[in-house]
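The sequence and structure are shown below.

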Amino acid sequence: SPSRGLGDVYKRQVFSLRQVTGGIEFRSTMSSREAAALLHSYLRLDDDLEDIYQHLIKDSRTAAVILSYRGMRIIQQEPWECLVSFICSIHSNIPRITRTVEAIAQTYGEPINFEGVTWYTFPTPSRLAQVSELNLRRLGLGFRAPYVARTAYMVAHGNPLLEAIQELPYAQAKDCLL
């Protein structure tokens with residue numbers, strides 16, 4: 001299965017991306033016009049990247065990354081997948097987080113076949129709430145498993161946090177998450 005870093009499943013659509021001189025070349029499971037609009041939002045192409053860089057370069061490690069990977073974007077990930085990814089990131093590293101999120105998607109998500117390759121959606125909160133803590137541990141979540149299990153249960157059973165937080169100003173959303 002392809003790495004989610006070379007492409008991604010976003011809003012139940014597969015996107016295969018490749019940087020080319022002057023832009024991005026992509027293929028998708030949807031029409032080019034619809035895909036271009038969705039990618040525009042996903043890659044946050046309306047963001048002022050230079051302004052973001054100015055805020056981030058205050059940290060020396062982040063500044064080094066920005067210099068090495070100029071043009072790197074902060075994506076508009078779906079809130080549920082983003083929340084679980086952040087839980088998986090506790091005391092971890094990017095390769096391990098990627099493997100864990102991919103394992104969750106491949107084990108509990110729905111398959112989408114695109115150009116002869118099977119991709120997987122990220123499971124819904126309801127689906128993940130049905131998974132035992134032990135099975136989450138088997139996917140490599142370790143001590144993070146109970147946090148993912150409890151969060152999935154809360155979101156699946158009516159906690160409106162993810163829906164409500166999207167409407168809040170940044171400072172209030174941050175306080176709510178913390």
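How many bridges join strand 2 to strand 3, and in which direction do the two run? Six bridges link strand 2, residues 13–20, to strand 3, and the two strands run antiparallel. One place to look is F15, which stands opposite S28 in strand 3. The model is a predicted one.

**The aromatic pair**

The structure contains one aromatic pair. Its members are Y10 and Y42, with 4.3 Å centre to centre and 35° between the planes, and the pair is tilted. Distant parts of the chain are linked in this way: Y10 lies in strand 1 and Y42 in helix 1 (residues 32–42), 32 residues apart.

Are Y10 and Y42 buried or exposed? Y10 has a relative accessible area of 4% and is buried, because the cut-off for buried is under 20%. Y42 also counts as buried, at 5% relative accessibility. E163, by contrast, counts as exposed at 62%.

| Residue | Relative accessibility | Class |
|---|---|---|
| Y10 | 4% | buried |
| Y42 | 5% | buried |
| E163 | 62% | exposed |

**The helices**

Helix 4 (residues 79–88) and helix 8 (residues 145–156) have axes that come within 10 Å and cross at roughly 160°. Helix 4 is therefore roughly antiparallel to helix 8, since angles over 145 degrees count as such. The crossing of helix 4 and helix 8 is right-handed.

A contact between a charge and a ring involves R150 and Y147: the charged end of R150 sits over the ring of Y147, at 5.2 Å from its centre.

Which helix holds E163? E163 is part of helix 9, residues 161–165. Its C-alpha atom is separated by 9.6 Å from that of W80, although E163 and W80 are 83 residues apart along the chain.

Methods: Residues numbered from 1 in each chain as written. Predicted model: local features only at pLDDT ≥ 70, side-chain atom pairs only at ≥ 80, totals over all residues. Heavy atoms only, no water. Pairing = 2+ DSSP bridges. Helix = DSSP H or I, 4+ residues; strand = E, 2+ residues; numbered from the N terminus. Phe/Tyr/Trp six-rings, centres within 6.5 Å; stacked < 30°, edge-to-face > 60°. Buried < 20%, exposed > 50% of the residue type's maximum accessible area, 1.4 Å probe, protein only. Lys NZ or Arg CZ within 6 Å of the ring centre and 35° of its normal. Axes fitted to C-alpha atoms, helices over the stretch in contact; angles between N-to-C directions. Parallel < 35°, antiparallel > 145°, perpendicular 65-115°, else oblique. Left-handed = near helix turned anticlockwise from the far one by under 90°.
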